[in-house]
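Visitor: Please take one part of this model and look at it closely. Then set that part in its wider context.

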Amino acid sequence: MFELRTERLTFRHGTASDVEAIHAIVSDWDVVKNLGSWPFPADLGYTINRIVNQPDRNIGFAGIVRAGDEIVGGMGIVGGDLGYSFGLAHWGKGYATEMSRRLVDYAFDCFNWPQLTSEAYVDNPASSRVLAKVGFEPAGTAMAPCAARGGDFEVHRFILARERWDALRNSGQ
Ligand SMILES: CC(C)(COP(=O)(O)OP(=O)(O)OC[C@H]1O[C@@H](n2cnc3c(N)ncnc32)[C@H](O)[C@@H]1OP(=O)(O)O)[C@@H](O)C(=O)NCCC(=O)NCCS
């Protein structure tokens with residue numbers, strides 16, 4: 001089974017047995033108001049579809065993050081774009097940064113993307129901070145949709161070039 005590990009966390013593809021835990025996470029307004037496409041109120045059919053159906057393996061990967069046996073969040077890199085969400089109870093423990101580094105490393109090893117991208121709404125400084133800690137660099141602002149809030153909202157855009165990641169990795173980041 002596909003699995004990526006860090007010191008405290010594991011990442012694997014989602015299965016039907018993960019739906020309940022992820023649905024609880026994305027039922028929280030404070031989580032989904034920061035995501036692009038997840039609806040609010042949460043829609044079980046949408047959650048099932050996102051968790052059980054993997055993106056085509058040529059365009060990326062997505063899955064769930066566990067700390068021990070507990071599901072703490074979901075993450076993925078699709079089309080070179082990194083996304084993540086963690087349950088409120090698990091914020092502030094460094095989980096997003098820790099697993100993002102692992103996923104970025106895997107993505108550059110397994111896909112020929114010259115760079116990765118990500119974005120964070122301007123009113124979500126925690127996510128911008130995660131991206132900065134991983135090594136992403138600011139790339140301006142744009143407007144991006146938010147299904148939960150309804151409409152387009154300003155985001156900070158970020159880029160992590162392959163060369164920069166190689167340099168960070170070689171310097172033992
Ligand atoms: C954003 C999110 C993934 C962060 O996860 P996390 O595991 O708490 O992140 P980490 O602990 O690795 O790092 C968070 C950093 O943001 C900082 N931070 C938290 N709140 C902040 C705020 N209001 N302003 C500035 N920095 C803040 C933390 O101090 C920490 O930085 P530090 O290590 O330098 O102290 C999590 O809050 C989440 O899932 N939010 C909802 C979904 C979401 O926003 N997804 C991202 C969409 S772009």
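Guide: Two strands pair if DSSP finds at least two bridges between them. Strands (E, at least two residues) and helices (H or I, at least four) are DSSP runs, numbered from the N terminus. This is a predicted model, in which local features need pLDDT of at least 70, side-chain atom pairs count only at pLDDT 80 or more, and totals for chains, interfaces and linings use all residues. Residues are numbered from 1 along each chain as its sequence is written.

Strand β7 covers residues 137–145, and strand β8 covers residues 152–161. The two pair in the antiparallel sense, over 7 bridges. P145 stands opposite D152 in β8. Between the strands lie 6 residues. In this hairpin G150 takes a positive phi near 80°.

Now burial. A residue is buried if 20 or more other C-beta atoms lie within 10 Å of its own, exposed if 12 or fewer, and partly exposed in between, with C-beta atoms placed from the backbone. Of the 9 residues of β7, the number buried is 0, so the strand lies largely in the open. For the chain, buried residues make up 30% of the 173 residues.

Contact means C-beta atoms, placed from the backbone, within 7 Å. Leaving aside residues up to four places away in sequence, M99 touches T6, L9, F11, V65 and M75.

A residue is near a molecule if its C-beta atom, placed from the backbone, lies within 6 Å of it. The ligand is surrounded by 20 residues, the closest being N34, A96, T97, P125 and R129. The largest share of the shell, 5 residues, comes from α5.

Last, the whole chain. Its secondary structure comes to 6 helices and 8 strands. Along the sequence the pattern reads β-β-α-α-α-β-β-β-α-β-α-β-β-α. The C-alpha trace spans about 40 × 40 × 30 Å along its principal axes.

How values were computed
Contact = placed C-beta atoms within 7 Å.
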